[in-house]
Amino acid sequence: MALETVIGLEIHVELATKTKIFCNCANEFGAPPNTHVCPVCMGSPGVLPVLNEEALGLGIRAALALNCEVRRDSKFDRKNYFYPDNPKAYQISQYDEPIGEHGYVEIMVGEEKRRIGITRVHLEEDAGKLNHAAFEDASYVDFNRAGVPLIEIVSEPDIRSAEEARLFLEELKAIMQYCLISDCKMEEGSLRCDANISLRPVGQETLGTKTEIKNMNSFRNVQRGLEYERSRQAAMLGAGESISQQTLRWDEASATTVVMRSKEDAHDYRYFPDPDLPRIRLAEEYIEERGREIPELPSARRDRFERGYGLPAYDAGVLTAMRSLADYFDETAKHVTDPKTASNLIMGEILAYLNAAGKDIANLPMRPRQLADLIGLVEDGTISTKIAKDVLKGMMSSGKDANAIIAEQGLVQISDEGQLREIALRVIAANPKSVADYLAGKDKAIGALVGQVMKETKGKANPQLINKIIAELIRQA
Ligand SMILES: [Zn+2]
């Protein structure tokens with residue numbers, strides 16, 4: 001029996017606001033525990049929450065960026081549950097009237113464009129964080145996160161493989177970052193993902209029984225967790241067993257899913273409208289303004305990089321994964337003849353440098369204009385590509401101009417024919433074997449001779465010129 005995989009994702013994204021969603025406590029990661037708390041986010045009796053407009057605006061911006069319809073009239077509800085990280089014993093969320101609905105995100109799966117539906121986007125507050133002590137029988141709770149604004153994004157069950165789930169998440173993250181909605185740092189919990197997965201015979205309309213996987217803290221683990229769960233369910237169904245609806249946890253150490261609890265249904269939460277918060281009624285102009293805050297999104301930018309700059313799809317994908325990188329490339333490409341040269345340097349040397357240094361390109365001392373000048377020096381023959389890579393290293397660490405580094409280190413390319421002939425004659429005399437090989441028809445043998453000249457000139461010889469000179473000298477000999 002051929003089985004089809006059906007996956008839906010629920011993603012929590014912490015909004016990059018200055019303060020929490022219903023009080024004035026700072027929304028800041030990494031502060032000492034329980035320093036950003038007040039009677040409102042601690043749920044003291046008699047306090048009143050007040051909606052943070054910045055959070056509302058970012059939530060609407062997110063809904064629009066995900067092609068959702070924005071609800072003109074919505075409300076907050078109380079989701080009731082007891083847990084030590086939840087001081088009020090309810091979470092303020094949105095139940096049946098989410099801020100956004102019926103959206104979609106398009107992703108490329110290989111050559112195929114796939115549209116993944118977005119069921120809803122709603123606003124809610126985050127819970128605190130429990131820290132389980134490793135060597136004592138205790139757990140500590142940090143309420144700094146309690147009341148941090150979140151959006152929950154729920155996808156339609158349109159995803160058909162673990163790989164598609166990862167691609168969808170990468171696209172979603174890029175959209176959130178482009179729109180400055182969240183920093184989306186999975187390692188700090190500002191982007192979190194739960195996944196529902198079920199299998200059904202190919203061609204069947206009704207969905208199979210699903211399980212939900214929580215605690216996947218990287219894109220890689222999302223893919224691994226879903227792949228594992230798909231195989232587990234397929235093996236059970238193949239053996240004639242039935243799947244029970246459960247909440248599972250991805251355990252990285254054992255690379256398996258572990259049962260957390262059997263799944264709650266919505267009625268277990270006894271939702272009701274929060275009586276402390278007025279309804280949210282949005283003016284058309286307010287929604288339009290939020291729409292104008294959305295920049296060119298990653299997919300549009302990818303298309304433009306391919307068509308406008310003539311870049312391969314791979315380059316366009318890498319360069320647009322982060323807005324700061326795409327901005328940097330755009331700015332560089334304006335000032336160079338061949339954008340592909342800029343793309344090669346950014347995807348190669350520059351990304352390698354940034355990854356090793358753990359830096360974002362926005363903080364690189366070398367500005368796009370300086371990179372463009374360096375590329376210009378290669379194009380007009382002042383320096384070789386090899387030298388350019390050394391100069392580039394100096395520029396990235398110091399922020400100095402290419403010309404300053406070239407002058408300091410005497411790196412200008414040697415294009416003086418007389419000087420190069422002299423060196424070439426010495427190299428030819430010292431390497432009779434390579435000369436013989438070349439004369440015997442092994443064209444590649446010239447590479448060894450060119451390499452020797454490069455070595456003597458510390459890479460400064462003009463490579464085209466030295467190739468020509470060596471070939472001429474051998475033929476004349
Ligand atoms: Zn507070």
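I take an angle of 65 to 115 degrees between axes as roughly perpendicular. I note at the outset that this is a predicted model.

**Entry 1: H1 and H4**

I looked up the pair formed by helix H1 (residues 53-65) and helix H4 (residues 284-292). Their axes come within 9 Å and cross at roughly 70°. H1 and H4 are therefore roughly perpendicular to each other, by the range I set down above. I recorded the hand of the crossing as right-handed for H1 passing H4. Next I listed the residues in contact. H1 contributes Glu53, Leu56, Gly57, Ile60, Arg61 and Leu64, and H4 contributes Tyr286, Ile287, Arg290 and Gly291. Sorted by class, the H1 to H4 contact holds 5 nonpolar, 2 polar and 3 charged residues.

**Entry 2: H2 and H3**

I then turned to helix H2 (residues 162-178) and helix H3 (residues 219-238). The two pack with axes 8 Å apart, at an angle of about 155°. The crossing in which H2 passes H3 is right-handed. On the H2 side I found Ala162, Glu163, Ala165, Arg166, Leu169, Glu170 and Lys173, which meet Phe219, Val222, Gln223, Leu226 and Glu227 of H3. The class count for this contact of H2 with H3 is 6 nonpolar, 1 polar and 5 charged residues.

**Entry 3: H8 and H10**

I looked next at helix H8 (residues 339-357) and helix H10 (residues 385-398). Their axes come within 11 Å, and the crossing angle is roughly 50°. I therefore wrote H8 down as oblique to H10. H8 passes H10 in a crossing that is right-handed. The residues of H8 in this contact are Leu345, Glu349, Ile350 and Tyr353, and those of H10 are Lys389, Leu392, Met396 and Ser397. By class I have 5 nonpolar, 1 polar and 2 charged residues where H8 meets H10.

**Entry 4: the sheet with E4**

I moved on to the strands. I found an open sheet of 3 strands, ordered E5-E4-E15, in which the pairing is antiparallel. Strand E5 (90-93) and strand E15 (272-273) are its edge strands, each pairing on one side only. Strand E4 (residues 77-80) runs antiparallel to E5, and 4 bridges join the two.

**Entry 5: E8 and E9**

Strand E8 (residues 129-132) and strand E9 (residues 139-142) also went into the notebook. They pair over 4 bridges in the antiparallel sense. Which residue in E9 is the bridge partner of Asn131? I found that this partner is Tyr140. A hairpin through 6 residues joins E8 to E9.

**Entry 6: domains**

Last, I read the domain assignment of the chain. Domain 1 is given in two segments, 8-200 and 266-290, while domain 2 is 298-409 and domain 3 is 417-476. I also looked up how far apart domain 2 and domain 3 lie, and noted 32 Å between their C-alpha centres.

Technical notes
Residues are numbered from 1 along each chain as its sequence is written. This is a predicted model: local features need pLDDT of at least 70, side-chain atom pairs count only at pLDDT 80 or more; totals for chains, interfaces and linings use all residues. Side-chain values use heavy atoms; hydrogens and water are left out. Axes are lines fitted to C-alpha atoms, for helices over the stretch in contact, and angles run from 0 to 180 degrees between N-to-C directions. Angles under 35 degrees count as roughly parallel, over 145 as roughly antiparallel, 65 to 115 as roughly perpendicular and the rest as oblique. A crossing is left-handed if the near helix is turned anticlockwise from the far one by less than a right angle, and right-handed if clockwise. Contact means heavy atoms within 4.5 Å. Ala, Val, Leu, Ile, Met, Phe, Trp, Tyr, Cys and Pro count as nonpolar, Asp, Glu, Lys and Arg as charged, and the others, Gly among them, as polar. Domain bounds come from an automatic or database domain assignment. Two strands pair if DSSP finds at least two bridges between them.
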